[in-house]
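Here are a few exercises to work through with the model open beside you. Try each task before reading its solution.

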Amino acid sequence: MRWSRKYVWVNHNNGCALEHVVIAERALGKPLPPFAEVHHVDFNGTNNVRENLVVCPSRSYHRLLHLRTKALSESGNANFLKCRHCKAWDDPLNMKTWATANGMVMKAHHVACNRSYQKDRFDPVKKKKQRDLYRTMPR
Ligand SMILES: [Zn+2]
Ligand SMILES: [Zn+2]
């Protein structure tokens, strides 16, 4: 047996395998599907008791699981999403949400937060201040 940074490796079928994969496959009674990943409920990659393992059908599902766990622990509600501007967790019904390129993981912001963000970005007074600041910088 050897150790990687965060997982346990075991001898398996004359080779080396991740212990949580071996245990998940034993529980399933068959090999994991090609894109499946094994999630550790307590985020401890070396705690490979059956109850700590959840088989995810894909990487994006696995990511979603992490996101929901984080939402639950930080906001008390697994369905909440984090506003990318004010960094507060909130009900997706109060926000504008969109999926990232890979699909399942949702991004979100409050409409009001985004409006003030866009306003700041394109505010000509602020822009001019930044320009003036730049001009006064020593070169
Ligand atoms: Zn995980
Ligand atoms: Zn916000």
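**Exercise 1.** Which residues does methionine 95 touch, not counting residues up to four places away in sequence?

*Solution.* This is a predicted model, in which local features need pLDDT of at least 70, side-chain atom pairs count only at pLDDT 80 or more, and totals for chains, interfaces and linings use all residues. Residues are numbered from 1 along each chain as its sequence is written, with chains lettered from A and ligands numbered from 1 in written order. Step one: a contact means C-beta atoms, placed from the backbone, within 7 Å. Step two: Met95 then touches Leu81, Cys83, Asp90, Ala108, His109 and His110.

**Exercise 2.** Find the residues of the largest nonpolar core.

*Solution.* Start with buried residues (20 or more other C-beta atoms within 10 Å of their own). Next, keep Ala, Val, Leu, Ile, Met, Phe, Trp, Tyr and Cys, and join them through C-beta atoms within 7 Å. You end up with 5 residues: Phe80, Leu81, Cys83, Met95 and Ala108.

**Exercise 3.** Check the span of helix H4 (residues 124-136).

*Solution.* Helices are DSSP runs of at least four residues, numbered from the N terminus. Multiply 1.5 Å by one less than the number of residues. For the 13 residues of H4 that gives 18 Å, and the end C-alpha atoms are 18 Å apart, so the two agree. As for cover, H4 has 0 buried residues.

**Exercise 4.** Where in the chain is confidence lowest?

*Solution.* The chain mean is 88, and the lowest is H4, at a mean of 77.

Definitions and conventions. Helices (H or I, at least four residues) and strands (E, at least two) are DSSP runs, numbered from the N terminus. A residue is buried if 20 or more other C-beta atoms lie within 10 Å of its own, exposed if 12 or fewer, and partly exposed in between; C-beta atoms are placed from the backbone. Two residues are in contact if their C-beta atoms, placed from the backbone, lie within 7 Å. pLDDT is the predictor's confidence in each residue, from 0 to 100.
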